[in-house]
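This note concerns the aromatic side chains of the model below and their surroundings. Please read the points alongside the coordinates.

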Amino acid sequence: MKTNIGLKEKDTAAVANMLNRLLADENVLYIKVRNAHWNVEGPDFHAQHLFFETIYDELAELIDEVAERVRAIGHYAIGTMKEFLEVTQLTEMKYNKNDSQGFIKELLNDFESLIITLREDIKLAEDHEDAGTEDFLVGILEKHEKTAWMLRAHVK
């Protein structure tokens, strides 16, 4: 059944494309945080292990919401690692050391990159007259800004 939510197909297609890129970024970031959670070592292991768990739990919920937003505007969410890696702006890393500072610095860089992109995505949603997605993205932006602040506080 065709989606009839007051937006043109060309607009929902553009927004869905952007949301699928965000979905890819969030999934790659989720895996990177899980890696940090599993492999962090050092005297701060326990605290950082729990900290990373908090972050990936939040990302897991957010990932589901992004995919559901794609579906709500009448399109299909991408869902394979191959698709995620083809679309993401993030890169995977191979660590020589599994210290918390290395993980935190990389994750902070990723969150800040996503924050910058989200600001552009909010403008794209506005340009396509999709107030629902615009509002949705503002919420994600706020969550990512808070996480970036917490990561940044660890490297001062």
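1. Burial of Y30. The model is a predicted one. In it, Y30 has a relative accessibility of 18%. Residue Y30 is therefore classed as buried, since the limit is under 20%.

2. Partner of Y30. Three aromatic pairs are counted, that is, 3 in the model. One of them joins Y30 and Y56 in an edge-to-face arrangement, with 6.0 Å from centre to centre and 85° between the planes. The edge-to-face label follows from an angle over 60 degrees. Y30 belongs to helix α1 (residues 9–39) and Y56 to helix α2 (residues 45–72), so this contact ties together parts that are 26 residues apart in sequence.

3. Surroundings of Y56. Residue Y56 is buried as well, at a relative accessible area of 7%. The ring of Y56 also has a charged neighbour: the charged end of R34 sits over it, 3.9 Å from the ring centre.

4. The F51 and F52 pair. F51 and F52 form a tilted aromatic pair. Their ring centres are 6.0 Å apart, and the planes make an angle of 35°.

5. Burial of F51 and F52. Both phenylalanines are buried: F51 has a relative accessible area of 14%, and F52 has one of 0%.

6. Aromatic cluster. Which residues form one aromatic cluster? The members are F51, F52 and F103.

Methods:
Residues numbered from 1 in each chain as written. Predicted model: local features only at pLDDT ≥ 70, side-chain atom pairs only at ≥ 80, totals over all residues. Heavy atoms only, no water. Phe/Tyr/Trp six-rings, centres within 6.5 Å; stacked < 30°, edge-to-face > 60°. Helix = DSSP H or I, 4+ residues; strand = E, 2+ residues; numbered from the N terminus. Buried < 20%, exposed > 50% of the residue type's maximum accessible area, 1.4 Å probe, protein only. Lys NZ or Arg CZ within 6 Å of the ring centre and 35° of its normal.
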